[in-house]
Amino acid sequence: MRIVIDERECFLFLRGIIMDLKEKFIRDFPVPMGEKEEPYIIVFDAYCGQGKSYTARVIAQLDHSIILNNDHVRYWLDDYTTNSSNTLYELQYHRLGLLLQNHNSCIWDYCAGHNWEDKKKHLDEYDVRRYIIRLTCDEDVVRERMEKRKVDGVNYSIADFDEYLWCKENIPPIDDSLIDFIIDTEKDVEEQAKCFLKKYKLMK
């Protein structure tokens with residue numbers, strides 16, 4: 001028996017699934033009304049274990065930005081494989097646009113350097129200022145952090161030290177000319193975050 005698949009019906013069916021997923025996503029990852037007259041986006045040039053999530057939380061406490069955490073979304077999707085990447089980014093870009101419209105600044109907690117040109121193209125579609133912060137950290141400290149890491153409701157990453165080594169080997173850093181600030185996560189991150197925010201007049 002031959003089954004004939006109508007491509008348009010299939011497309012509409014899949015689109016319906018994505019739209020339903022977006023509604024559930026925004027229910028679980030809300031879009032509050034912010035107070036930023038000129039919202040901005042912060043991303044990190046850093047690999048796993050170098051302190052992206054911690055630095056994001058510190059900055060958010062200071063400037064009230066909303067954090068978009070890819071690992072949290074992977075946990076929500078219950079899929080840490082690359083199969084979820086397209087869905088993950090569609091959801092995140094959808095929420096990012098809504099957050100910016102609602103006058104929220106955003107910190108995207110991900111490795112910006114991975115497929116940077118593609119990410120840059122998407123981020124350029126938002127008419128807001130973008131800041132790239134490079135995080136630095138000694139490799140031995142990264143190893144120690146990875147050994148202690150667990151998914152606990154604050155951390156959602158399952159990356160290990162081998163993944164850090166893979167990233168370091170395969171993902172080039174973002175060009176130095178595009179880096180707006182550097183934070184050494186072995187030192188006082190809050191003080192460095194305050195310096196960053198004051199430098200660009202992002203904190204009152």
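Predicted model: local features only at pLDDT ≥ 70, side-chain atom pairs only at ≥ 80, totals over all residues.
A salt bridge is a side-chain nitrogen of Lys or Arg within 4 Å of a carboxyl oxygen of Asp or Glu. Residues are numbered from 1 along each chain as its sequence is written, and side-chain values use heavy atoms, with hydrogens and water left out.

The structure holds 14 salt bridges. One of them pairs Arg134 with Asp45, with the closest N and O atoms 2.8 Å apart. This pair links distant parts of the chain: Arg134 sits in strand β4 (residues 129–136) and Asp45 in strand β1 (residues 40–45), 89 residues apart. Strands (E, at least two residues) and helices (H or I, at least four) are DSSP runs, numbered from the N terminus. Residues are called buried under 20% relative accessible area, exposed over 50%, and partly exposed in between (1.4 Å probe, protein chains only). Arg134 is buried, at 15%. Asp45 is also buried, at 6%.

Other salt bridges lie within helices. Lys148 and Glu144 meet at 3.2 Å, N to O. They are four residues apart in helix α6, so about one helical turn separates them. Lys148 is exposed, at 62% relative accessibility, and Glu144 is partly exposed, at 43%. Lys194 pairs with Glu191, the closest N and O atoms being 3.8 Å apart. These two residues are three apart in helix α8 (residues 189–199), so they too are separated by about one helical turn. Salt bridges that share partners also join Asp45, Arg134 and Asp176 into one network.

Attention turns to the largest pocket. A pocket is an open set of points on a 1 Å grid over the protein atoms alone, where a 1.4 Å probe fits, with protein on both sides within 12 Å along at least five of seven lines; lining residues have an atom within 4 Å of a point. About 1200 Å³ of space lies in the largest pocket. Of its 42 lining residues, Cys48, Asp71, Arg74, Ser157 and Glu163 are the closest to the centre. Helix α4 gives the most to the lining, with five residues.

His103, in the loop between α4 (85–101) and β3 (106–111), has a positive phi of about 65° although it is not a glycine. His103 is partly exposed, at 35%. Asn115 lies in the loop between β3 and α5 (116–123). Asn115 has a positive phi of about 55° and is likewise not a glycine.

Note on methods
Points joined across faces, edges and corners; volume = space filled by probe spheres on them.
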